[in-house]
Amino acid sequence: MRAKVLTPFPRPRSHRHLINDLHSLLPHSRKDAKLDTKTKLYQLNEVAELYNCNNVMFFEARKGKDLYLWMSKPPNGPTVKMHLQNLHTMEELHFTGNCLKGSRPILSFDAAFDKQAHLRVIKELFLHTFGVPKGARKTKPFIDHVMAFTVAEGKIWIRCYEVSESEAEKASKKAKDGEEDMDVDDAAPKKGANKHETKASLVEIGPRFVLTPIVIQESSFGGPIIYENKEFVSPNQIRSELRLSKAGRHNRRAEQGLERKTKRGDLGLVSEGGRKKEKDALDDRVLFA
């Protein structure tokens, strides 16, 4: 069976640009219509079997704000659910990097992926999903871009770069002029090297986004949970706490205003309501009444 990736569409339009970017970077992927249900995700196994796909990427959008990524290996699993944030598409970034459509990527993983068990599982899913097999449909026999996966602060940062090659002499001049590039080799040509020697550098293409692992299930869209991120806080809970803090400030201001009004009424400084001010025996209106 050939490796194919099924990517159903999410509902909000703002997230569909990411699907288009990933579909252009993964020539062996297949886009499918949006899934109407969010509870019966096991139906994706039947859809994957129908289209002869052995990898599934499902984007679940909630409230038009939060985006979750499900990655699974049907029919036996495992399945990883991750929260996707800090999303920037190719249209937003306007990077100068570019790669040939249909080319195969080089997958670069951080060394931290081999230190923890759940990261090793996620790395294996990334290899099966983002790794374009040789001879897959719509692929070209070129490797001209790199997908980098980095672990930092419990999150997975994903970037995509073009492998740009230029002559060593021109590259050294650009380095002297102060142009910023991620250099793979030294900028200056080595002594005794060929004049036509090329220098490789990395130029970012996009998109860029950050993934936070939430749970890992043993089967495909089901089964027991073999990993759970206890430090993950739902975006709904964060927004709820922000609303409660704003409501608390409003309530404190309202209580302070009520206390001031009551105090002014007790002192007889309010024309309407409150306690009336007692008459002074030495007041002119009392003496000359």
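Val-80 sits in strand S5 of this predicted model. With a relative accessible area of 1%, it falls under the 20% cut-off, so Val-80 counts as buried. Setting aside neighbours within four places in sequence, Val-80 is in contact with Leu-69, Trp-70, Met-71, Ile-122, Leu-125, Val-215 and Ile-216.

Now for the nonpolar cores. The largest one has 33 residues, and the members touching the most others are Met-57, Phe-59, Phe-126, Phe-130, Phe-149 and Leu-211. Quite a few elements supply at least two residues each: helices H1 and H4, plus strands S3, S4, S5, S7, S8 and S11. H4 is the top contributor, with five residues. As for Leu-211, its contacts beyond four places in sequence are Leu-69, Met-82, His-83, Leu-84, Phe-126, Lys-155, Ile-156 and Ile-158. A separate core of 11 residues lies apart from the largest one, and Leu-35, Leu-41, Ala-48 and Val-56 are among its members.

Ala-48 also takes us to helix H2, which covers residues 43-50 and has Leu-44, Asn-45, Val-47 and Ala-48 as its buried residues. Why do they end up on the same side of H2? Because they cover an arc of only 160° around the axis. In general, an α-helix has 3.6 residues a turn, so residues three or four places apart point the same way. Over on the other side of H2, Glu-46, Glu-49 and Leu-50 are exposed. The cover over the buried residues of H2 includes strands S1 (5-8), S2 (29-32) and S3 (55-62). After H2 comes Asn-52, which has a positive phi, near 60°.

Asn-45 has a polar partner as well: its side chain makes a polar contact with the side chain of Ser-220, at 2.5 Å. Ser-220 belongs to the loop between S11 and S12. Not counting residues up to four places away in sequence, Ser-220 touches Asn-45, Ser-72, Lys-73, Pro-74, Pro-75, Asn-76, Gly-77 and Thr-79.

| Residue | Where | Relative accessible area |
|---|---|---|
| Val-80 | strand S5 | 1% |

Technical notes: Residues are numbered from 1 along each chain as its sequence is written. This is a predicted model: local features need pLDDT of at least 70, side-chain atom pairs count only at pLDDT 80 or more; totals for chains, interfaces and linings use all residues. Side-chain values use heavy atoms; hydrogens and water are left out. Buried means under 20% relative accessible area, exposed over 50%, partly exposed in between (1.4 Å probe, protein chains only). Helices (H or I, at least four residues) and strands (E, at least two) are DSSP runs, numbered from the N terminus. The arc is that of the directions from the helix axis to the C-beta atoms. Contact means heavy atoms within 4.5 Å. A nonpolar core is a set of buried Ala, Val, Leu, Ile, Met, Phe, Trp, Tyr and Cys residues joined through side-chain atoms within 4.5 Å. A polar contact is a pair of N or O atoms within 3.5 Å; within protein, one must be able to donate a hydrogen and the other to accept it, and residues adjacent in sequence count only if both atoms are side-chain atoms.
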